[in-house]
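Please open the model in a viewer and follow the stops below in order. Each stop gives a selection and then describes what is found there.

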Amino acid sequence: MKFVLIGQGRMGSLIAQTAQAAGDEIVASFDVHNIDQLASLGRVADVVIDFSNPASLDAVCGYVRSTGTALVSGTTGYAPEQKQKLLSLGRVAPVLWSANYSVGVAVFCRVLSQISDTLKADFDIEIVETHHNQKVDAPSGTAKLLLQAIDPEGKLRPVYGREGNCGARSKDEIGIHALRGGTVAGEHSVHFFGPDEELEITHKAASRQIFVIGALHMARLLAGKPAGVYDLQKILFGE
């Protein structure tokens with residue numbers, strides 16, 4: 001399979017190495033230094049894989065619109081209007097965006113969506129995420145996915161850390177806390193604090209390789225599909 005790769009950081013480098021080791025071809029690769037050249041590239045690949053940053057969005061959207069090439073995106077940190085612009089590409093090409101391509105995290109989200117309504121009435125919910133000291137956005141895209149799984153209708157009020165005399169915790173809030181340090185690939189925990197009991201669910205990534213394997217798997221599944229916005233959960237669980 002042929003890929004155009006956007007992003008040459010740690011994730012991009014791992015994607016390139018893993019794809020090539022599997023016999024795939026990276027026909028072109030771009031980052032912030034040469035992203036302006038993407039517009040002159042014709043349709044040369046089966047899928048665009050984008051693990052860059054929001055600054056590349058306009059270039060990526062322009063390329064997908066002009067070529068109809070499928071897009072697998074793992075870029076996080078988008079503003080709501082940027083995310084909408086990305087998803088609007090589904091009118092011209094198959095598009096899949098996820099903040100996390102780990103199968104374990106997909107199962108984590110599925111479990112949260114199934115149990116949260118049972119616990120919300122009597123349990124306080126807190127999300128804690130930890131990443132390496134080079135991560136630029138907080139909270140992580142994965143933490144936002146977990147929040148969406150817990151509270152899809154947006155009825156809870158996110159509280160991003162606490163400081164000073166912030167008063168007693170209210171029942172309608174959900175705490176979201178970001179830790180940064182070292183070389184942590186990614187750790188996410190959801191705590192359900194109830195009367196005299198606590199349920200904690202945690203996912204730990206030992207390396208970024210799990211995200212790479214998942215993204216490449218999704219790219220192979222997406223290639224050749226009709227235009228539209230696809231959902232990682234629905235693809236994984238056959239819905």
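A charge is taken to sit over a ring if NZ of Lys or CZ of Arg is within 6 Å of the ring centre and within 35 degrees of the ring normal. This is a predicted model, in which local features need pLDDT of at least 70, side-chain atom pairs count only at pLDDT 80 or more, and totals for chains, interfaces and linings use all residues. Residues are numbered from 1 along each chain as its sequence is written, and side-chain values use heavy atoms, with hydrogens and water left out.

Select R110 and F237 to begin: the charged end of R110 sits over the ring of F237, 4.2 Å from its centre. Next select K83 and W97, where the charged end of K83 lies over the W97 ring at 3.7 Å from the ring centre.

A pocket is an open set of points on a 1 Å grid over the protein atoms alone, where a 1.4 Å probe fits, with protein on both sides within 12 Å along at least five of seven lines; lining residues have an atom within 4 Å of a point. The space in the largest pocket is about 1200 Å³.

Move to M11, F51, S52, T76 and K135, which lie nearest the centre of the second largest pocket, lined by 34 residues. About 850 Å³ of space lies there.

Methods:
Points joined across faces, edges and corners; volume = space filled by probe spheres on them.
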